[in-house]
Amino acid sequence: MHTESRCLDCGPVAPLHVPEHIGAGIVASVVERITAAAEPPRRPATPLWCPWPLPTGWTMTGVAYAGDDRTGVRATAVACAGPEPLGGGPADLLFVAEEPGVGLGTRFAGLAGPDPGPELAQALTDPGPGHPEHVGQARIRVAGHPTPLWLVNSPTDRSAYAGEARGLWLHAIAWPASAGHLLAEDVVLHDLTEWTPPELVYGAPSPYLHGKA
């Protein structure tokens, strides 16, 4: 008998909660859950990172969090969808904020292990511009601060970036892989637990939050 949620391969895991639908009321309820779980004496609220303003033609398509009443919210995810930046059709983006050891971001990125540390260590040995093995960074703004994200190895159907913001892992995963080019544009992430824009536009629920990834 165990008191925590367990994975047969990984052992104890934070249970993942994914609302079936998405809309202003759903986002408000998830924000309330996150902030309530962060009340003293618990840890600060885990950010709920969402691009704002949304890129042209994009909508918010899902939200999720990992944790329970005992541990609090340890990870969050926001899904968005819109036109692929290179004109190849629809695209999906997923942003994950998580504490070390949770493994939600690496799960969606298709990486082994709970953290992207080994992949980032390899990316940080990048030989630099001009070298044939050079891997560029994605530079976005997170809560007003320039934040680098490094490309990590992932399955060929997606591109995955990882970095750090507010002392937590930050993952950005894009489907198809070419949709990662959106992160080369002027993407700004805003924490919805601080303020949720009433102008947010919602789309059909993300298939990647609901088991496709």
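**Exercise 1.** Over the ring of which residue does the charged end of Arg107 sit?

*Solution.* The model is predicted. Start at the charged end of Arg107. It sits over the ring of Phe108. The distance to the ring centre is 5.2 Å.

**Exercise 2.** Classify the aromatic pair formed by Trp175 and Tyr208.

*Solution.* Two values are needed, because a pair of aromatic rings is described by the distance of the centres and the angle of the planes. Step one: the centres of Trp175 and Tyr208 are 4.0 Å apart. Pairing requires centres within 6.5 Å, so the two rings pair. Step two: the angle between the planes is 10°. Planes under 30 degrees apart count as stacked, so this pair is stacked. Step three: locate the partners. Trp175 lies in strand S11 and Tyr208 in helix H4, 33 residues apart.

**Exercise 3.** Are Trp175 and Tyr208 buried or exposed?

*Solution.* Trp175 has a relative accessible area of 2%, so Trp175 is buried. Tyr208 has 12%, so Tyr208 is buried too. The cut-off for buried is under 20%.

**Exercise 4.** Describe the largest nonpolar core.

*Solution.* Count first: this core has 37 residues. Then find the members that touch the most others: Leu48, Met60, Ile140, Leu170 and Leu189. Now look at the elements. Helix H1 (24–37) gives the largest share, five residues. Strands that give two or more include S5 (59–68) and S6 (72–83). Finally, follow Leu48. Among the residues it touches are Val30, Val31 and Ile34, as well as Val63, Val78 and Leu192.

How values were computed: Residues are numbered from 1 along each chain as its sequence is written. This is a predicted model: local features need pLDDT of at least 70, side-chain atom pairs count only at pLDDT 80 or more; totals for chains, interfaces and linings use all residues. Side-chain values use heavy atoms; hydrogens and water are left out. A nonpolar core is a set of buried Ala, Val, Leu, Ile, Met, Phe, Trp, Tyr and Cys residues joined through side-chain atoms within 4.5 Å. Buried means under 20% relative accessible area, exposed over 50%, partly exposed in between (1.4 Å probe, protein chains only). Helices (H or I, at least four residues) and strands (E, at least two) are DSSP runs, numbered from the N terminus. Contact means heavy atoms within 4.5 Å. Rings of Phe, Tyr and Trp (its six-membered ring) pair if their centres lie within 6.5 Å; planes under 30 degrees apart count as stacked, over 60 as edge-to-face and the rest as tilted. A charge sits over a ring if NZ of Lys or CZ of Arg is within 6 Å of the ring centre and within 35 degrees of the ring normal. Lists of a residue's contacts leave out its neighbours within four places in sequence.
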